[in-house]
There are 2 protein chains.
Amino acid sequence: MALLDYFLRKKEKQGTTASKAKERLQIIVAHERNNRNKQPDYLPQLTEDILNVLRKYVQVSDKSLSINLDNKGGELNVLELNIELQDENNPD
Amino acid sequence: MALLDYFLRKKEKQGTTASKAKERLQIIVAHERNNRNKQPDYLPQLTEDILNVLRKYVQVSDKSLSINLDNKGGELNVLELNIELQDENNPD
């Protein structure tokens, strides 16, 4: 739960800034692999699938999206998606 | 990127323990809402959808899965999924 605690503290700090009005979604997928697994990693495909699923609920434009896929020596792959959601009442 | 840095440091520490052999997936979805949004939150449905997508790639049993959905005062919803993956070469 340490990661989550850190995350929430960070969000609380951000809450005091002007950026509060925007809606945001952040998705982090961490895949910890062992040495025996010789399969290619599926995070790139999974990214696409998660984005398709998200589009059922929210509008995700290329402009609003940032994707970061980080490979740490082959055993830990971390995918980070940041999406700034369009405010339906006040699009700008 | 601060969250990701923290996350990676935590993982590096864990890498030295005996738990290294297991494969794991951790997914965190954080939805930062604004006050104007009166729609019900879609994270519970999104959880189901992400799990269905994951099952295309890995075996996710109820036993291997832990789900935590945290609502922080209605403006920040955080979903945390932890999945212990079955080792196909060495199931136990």
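Chain A exposes about 5200 Å², with 48% of it supplied by carbon and sulfur atoms (Shrake-Rupley method, 1.4 Å probe). This is a predicted model, where local features need pLDDT of at least 70 and side-chain atom pairs count only at pLDDT 80 or more. Residues are numbered from 1 along each chain as its sequence is written, and chains are lettered from A in the order in which they are written.

User: In what order do the elements of chain A run?

Analyst: Chain A has two helices and three strands (DSSP runs: H or I of at least four residues for helices, E of at least two for strands). From the N terminus on, they run α-β-α-β-β.

User: How are the rings of A:Tyr42 and B:Tyr57 arranged?

Analyst: Rings of Phe, Tyr and Trp (its six-membered ring) pair if their centres lie within 6.5 Å, and planes under 30 degrees apart count as stacked, over 60 as edge-to-face and the rest as tilted. Here the centres are 5.3 Å apart and the planes are at 20°, so the pair is stacked.

User: Is A:Tyr42 buried or exposed?

Analyst: Buried means under 20% relative accessible area, exposed over 50% and partly exposed in between (1.4 Å probe, protein chains only). A:Tyr42 has 11%, so the residue is buried.

User: Which residue does A:Tyr57 pair with?

Analyst: A:Tyr57 sits in the loop between α2 and β2 (65-72) of chain A, and the pair crosses between chains. The rings are stacked, at 5.3 Å centre to centre and 20° between the planes, and the partner is B:Tyr42.

Conventions:
Side-chain values use heavy atoms; hydrogens and water are left out.
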